[in-house]
Amino acid sequence: MQLEDVVAELERCQDIADPGDRAVALTRLIQQLPQIGAAIRSARQTAVAEMHAAGMSWAQIGERLGLHPQRASQIGKGVTGGRRKASPDEAGER
């Protein structure tokens, strides 16, 4: 699904008069977001890898994207950010 399709579907959902039907349609759209996010991440990885292959350093790429050079390198190599593990103190608060 392209970004334009997502925006159009969101607008279509917002036009649904019945709040229950609208909520169902919006839930279905939300459920598609992981696939959309994966496609965006893949396209960004390709762009970052192309920037590096063209001779830009990870520091230059990081500066361009507003990221730390190490994160730019991870993106270019397809390493996901993931979530850090909660400390024992944080885990007890959940």
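1. Is Pro69 buried, partly exposed or exposed? In this predicted model, Pro69 is partly exposed, since its relative accessible area comes to 31%, a value that falls between the 20% under which a residue counts as buried and the 50% over which a residue counts as exposed.

2. Pro69 has its place in helix H5, and, when neighbours within four places in sequence are left aside, Pro69 is in contact with Trp58 and Ala59. Ser57 stands twelve residues from Pro69 along the chain, and the C-alpha atoms of these two residues are separated by 8.4 Å.

3. The contacts of Pro69 belong to a meeting of two helices, in which Trp58, Ala59, Ile61 and Gly62 of H4 face Pro69, Ala72, Ser73, Gly76 and Lys77 of H5 in contact. By class, this contact of H4 with H5 consists of five nonpolar residues, three polar residues and one charged residue.

4. As for geometry, the axes of H4 (residues 58-65) and H5 (residues 69-77) come within 7 Å and cross at roughly 95°; the two helices are therefore roughly perpendicular to each other, given that angles of 65 to 115 degrees count as such.

5. A separate point concerns Arg22, which lies in helix H2 (residues 19-31) and is partly exposed, with a relative accessible area of 27%. Beyond its neighbours within four places in sequence, Arg22 is in contact with Cys13, Gln14, Ile16 and Ala17, and a polar atom of the Arg22 side chain lies 2.7 Å from the backbone oxygen of Ile16. Leu10, twelve residues from Arg22 in sequence, is 10.0 Å away from Arg22 in space, C-alpha to C-alpha.

Note on methods
Residues numbered from 1 in each chain as written. Predicted model: local features only at pLDDT ≥ 70, side-chain atom pairs only at ≥ 80, totals over all residues. Heavy atoms only, no water. Axes fitted to C-alpha atoms, helices over the stretch in contact; angles between N-to-C directions. Helix = DSSP H or I, 4+ residues; strand = E, 2+ residues; numbered from the N terminus. Parallel < 35°, antiparallel > 145°, perpendicular 65-115°, else oblique. Contact = heavy atoms within 4.5 Å. Nonpolar A, V, L, I, M, F, W, Y, C, P; charged D, E, K, R; others polar. Buried < 20%, exposed > 50% of the residue type's maximum accessible area, 1.4 Å probe, protein only. Polar contact = N/O pair within 3.5 Å; in protein donor to acceptor, adjacent residues only side chain to side chain.
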